[in-house]
Amino acid sequence: MEANYLGNCACSHKSKRLPKGKYKYVYPYIMPDKSIFYQAYISRFKWSKLFTSEREAAIAVDTYLLNKGKDAVNILIKK
């Protein structure tokens with residue numbers, strides 16, 4: 001499992017969503033203790049994972065899309 005992976009769960013009502021980050025399908029949240037985590041979320045697949053790093057979340061999104069036969073949208077794009 002990834003080192004920065006926090007688990008599968010919906011964001012708590014105690015967390016607050018921050019403005020959109022720089023990657024598609026990656027959403028930053030801040031907890032009451034001021035820690036920040038990133039949710040990789042694709043609504044059409046009802047898939048979600050939490051990470052401590054925005055980059056790790058973006059890679060997870062790309063990997064999931066590639067596994068579903070779709071094109072990557074963030075870091076793993078073919079050049």
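Which residue is the bridge partner of glutamine 39 in β5? It is leucine 50. This is a predicted model, in which local features need pLDDT of at least 70, side-chain atom pairs count only at pLDDT 80 or more, and totals for chains, interfaces and linings use all residues. Residues are numbered from 1 along each chain as its sequence is written, and side-chain values use heavy atoms, with hydrogens and water left out.

Start with the strands. Strands (E, at least two residues) and helices (H or I, at least four) are DSSP runs, numbered from the N terminus. Two strands pair if DSSP finds at least two bridges between them. β4 and β5 run antiparallel, joined by 5 bridges. Their hairpin has 4 residues between the strands, and lysine 46 there takes a positive phi near 55 degrees.

Now turn to β3 (residues 26-30). It runs antiparallel to β4, with 5 bridges joining the two. Glutamine 39 of β4 is the bridge partner of tyrosine 27. In this hairpin, 5 residues lie between the strands, and lysine 34 takes a positive phi near 70 degrees.

β4 is largely enclosed by the rest of the structure, because 5 of its 7 residues are buried. Buried means under 20% relative accessible area, with a 1.4 Å probe and protein chains only.

Next, the core. A nonpolar core is a set of buried Ala, Val, Leu, Ile, Met, Phe, Trp, Tyr and Cys residues joined through side-chain atoms within 4.5 Å. The largest one has 14 residues, and those with the most contacts inside it include Ala40, Trp47 and Val61. β4 (36-42), β5 (47-51) and α1 (54-67) each give two or more residues to this core. The largest share, 6 residues, comes from α1.

Notes:
Buried < 20%, exposed > 50% of the residue type's maximum accessible area, 1.4 Å probe, protein only.
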